[in-house]
Amino acid sequence: MHHWQAELAAAARRPEADCVRELLPQARLAPAAQQAARALAADLIVALRAQRRRASGVDALMREFSLATQEGVALMCLAEALLRIPDTATRDALIRDKLSRGDWRAHVGHSTSLFVNAAAWGLMIGGQLLATHSEGTLAAALTRLLMRGGEPLLRAAVDLAMRLLGQQFVLGQSIKEALARAQAGEARGYRYSFDMLGEAALTAADAQRYFDAYAQAIEAVGAAARGRGVFDGPGVSVKLSALHPRYGRAQRERVLAELLPRLAHLARRAAAHDIGLTIDAEESERLALSLEIFAALAADAALAGWEGLGLAVQTYGKRAALVIDFAAELARAQRRRFAVRLVKGAYWDSEIKRAQVEGQTDYPVFTRKVHTDVSYLACARRLLAAAHRLYPQFATHNAATVAALLQMVREAGAARWEFQCLHGMG
């Protein structure tokens, strides 16, 4: 076992209070910087909210049918439920049961977005046709409409809402479509790292399909990059559990023998195009294996001189600071530079649940959001201290975190770094 693996194993389930006590001094800003960060965060939030008032599409729909209203809850719950119901008859029964009670009339005319008003009128079309305005009459009209076979109309409305939601958060159904849709963002100064939606591979056939898709994406993104390099051009993110059906500690030998050559091939193609390739984060029990694979890739002589190899680090994990130290030490030993994407974390619910079900001695992740925020800022400071070896990529949608990071960057005098956000969010 490497020394870093022993350290990781020892720190996996440390008491939360001990972790936070250690991280707090590294996360703190000086009083003046803290004050400046707070003021900037407030300015950012005010400006963003003003922008959102003029928003259209799904953003406006989500605000209009806010989860603070019964109708908003009904619409989102219905949409979610309908996705899980395979047959039309049961869907229609659910629509009849739920939508006949919604007060859709209240939403008409409350938004400047044509999209929101069209959705609102569509959902209460019975009231529109009968030119009624009282809630009681409208509810009765909607019920009559549903009884006359209005479910297909409402099914279509929910289907449309789901498709639009998909477009809001998914850039495209193919890499070609995603690259085309990314052009508008690129013109505004955004750079994209493309990832595939999907779960871990369950079979060898799944893994092969994902590998082929990643290989195709790297070629397409590489061509679209037109030699802009890893900092200014687009990149690709890969999920290791999508590339192997048994990605876990118990199958370490097999994973190293079968997955590593595949990943090395993808990395070499990315290096040939000089685009970034980020190894995405996984659940906590896979962390040591992911880092072992990352270290093996870093030692690949064919990748010498390429600065595009990156690692995503989840700061809700109690070992996040150790992972930053591991990456910095590896970069120093290999005389190269890596990108580190600092994120807060993606699997919190399942990490907590699994720890409870398995009766683990403690949680591998912080149980309070504020502790994750402390960890994030402490890791950011570590990352900035190693900026000559690690390229900092700060992925966050939190205005307070953004403002604190700007103070830290100023303090560290870092030359190259970037903010990241998920497409359609923040």
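In helix H17, residues 348–357, the buried residues include Glu351, Ile352 and Ala355; buried means under 20% relative accessible area, exposed over 50% and partly exposed in between, with a 1.4 Å probe and protein chains only. Helices (H or I, at least four residues) and strands (E, at least two) are DSSP runs, numbered from the N terminus. Looking down the axis of H17, the buried residues fall within an arc of 95°, so they line one face of the helix; the arc is that of the directions from the helix axis to the C-beta atoms. Asp349, Lys353 and Val357, on the other side of H17, are exposed. Just after H17 comes Gly359, with a positive phi of about 65°.

A word on the source: this is a predicted model, where local features need pLDDT of at least 70, side-chain atom pairs count only at pLDDT 80 or more, and totals for chains, interfaces and linings use all residues. Residues are numbered from 1 along each chain as its sequence is written, and side-chain values use heavy atoms, leaving out hydrogens and water.

Now for the inside. Beyond its neighbours within four places in sequence, Ile293 is in contact (heavy atoms within 4.5 Å) with residues including Leu240, Tyr247 and Val255.

Finally, Met425 lies in the segment after strand E7 (418–420) and is partly exposed, with a relative accessible area of 37%.
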